[in-house]
Amino acid sequence: MDFSKLRTFVNVVESGSFQKAAAKEYISQRAVSQNMFKLENELGFSLFIRGKNRISITKQGEEFYLKIRDMLHSFDVEVNSLKHQQKEKYSEVKVGYFSPFEGSLLKQQLFDYNQIAKRYHFVVSEQSIENLISNVSLGLLDFAYILDYGLQNFLANNLTSMTMFQSEMIMGVSRLNPISKLDKFPNEELKKKPILYFSLENSKYIKRCFLETLPQNLKDLHIARVSSIEQMQMIVALDDAFAYYPKDLIDLTWKSESQIHFTPLETKNENQNYSIQAIYQKDSARKGKVERLLQTLKS
């Protein structure tokens, strides 16, 4: 299985047709179709449902796309890093983050750092939480930003963490909904609409952590994953769902979100606090440098 077939597959999914993918790669539509048949034969399962003048992706194809997209992105980042690696020892720092919320905080902190010192070249990538934990544990990333609800159950045996930011989680509700006029989000309203969370891959980390912060009588909720923050915002703004957001990172992520009202949950007995944790190897030779850098970033 070669990378060219995988890249063609990603192009087909993202463009929505063999013809558009062929035009993007400057090859024939027939060549794209043949490559996709070969890829399916190698994998042993179908990626597409082929109809007259249109295609649609299978469930297995969608899951394969999410994994291959991340793999190709990580590969390209790594190759690009090696091409531009500077001679100074440890001049490059590889960093990961999970969502636009952690990404906005990281961007601001790295920007502020580069204004006062340009000691490091930062290579930053967006990955799923599972990939971040694995890649930091394997040393492929120097550190990563992860949303934590105080459970610390994301740490592998060889990892430790440092708190980079903290606040509380709040609910997002459409201003079309009367609840948006309240100071607190009533707990019982959680049962009336789906509650959305963002994740690039089919991860249940956010869902599990959210449920663990709620009272026992609110464990049976309709919680659904979306793979696009923009899609989540659209659904919430149109009052088709609620969503859970990290307070104080919303304004950092969006300048304005006037269609959505953000309010804390009514519950007083459960922990709705969160923190952004930077995870890194606790026994690495780079640990001291990573910790000094993180201390500077959060100061």
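In the predicted model, Lys 191 counts as partly exposed, at 47% relative accessibility, and its salt-bridge partner is Glu 188, with the closest N and O atoms 3.4 Å apart. Glu 188 is likewise partly exposed, its relative accessible area being 44%.

This pair belongs to a set of ten salt bridges in the structure. Another of them joins Arg 286 to Asp 142, whose closest N and O atoms lie 2.8 Å apart; the pair links distant parts of the chain, since Arg 286 sits in the loop between β11 (273–281) and α10 (287–298) and Asp 142 in the loop between α6 (129–137) and β5 (143–148), 144 residues apart. Arg 286 is partly exposed at 39% relative accessibility, whereas Asp 142 is buried, with a relative accessible area of 9%. A salt bridge is also formed by Arg 69 and Asp 70, with 3.8 Å between the closest N and O atoms; here Arg 69 is partly exposed at 23%, while Asp 70, at 7% relative accessibility, counts as buried.

Overall, the protein comprises ten helices and eleven strands, and its C-alpha trace spans about 60 × 55 × 35 Å along the principal axes. Of its 299 residues, 47% count as buried, and among contacts with a separation of 6 or more, 75% are accounted for by residues 24 or more positions apart. The protein exposes about 15,900 Å², of which carbon and sulfur atoms supply 49%.

Definitions and conventions:
Residues are numbered from 1 along each chain as its sequence is written. This is a predicted model: local features need pLDDT of at least 70, side-chain atom pairs count only at pLDDT 80 or more; totals for chains, interfaces and linings use all residues. Side-chain values use heavy atoms; hydrogens and water are left out. Helices (H or I, at least four residues) and strands (E, at least two) are DSSP runs, numbered from the N terminus. Buried means under 20% relative accessible area, exposed over 50%, partly exposed in between (1.4 Å probe, protein chains only). Contact means heavy atoms within 4.5 Å. Accessible areas come from the Shrake-Rupley method with a 1.4 Å probe; for residues, only the protein chains shown count as cover. A salt bridge is a side-chain nitrogen of Lys or Arg within 4 Å of a carboxyl oxygen of Asp or Glu.
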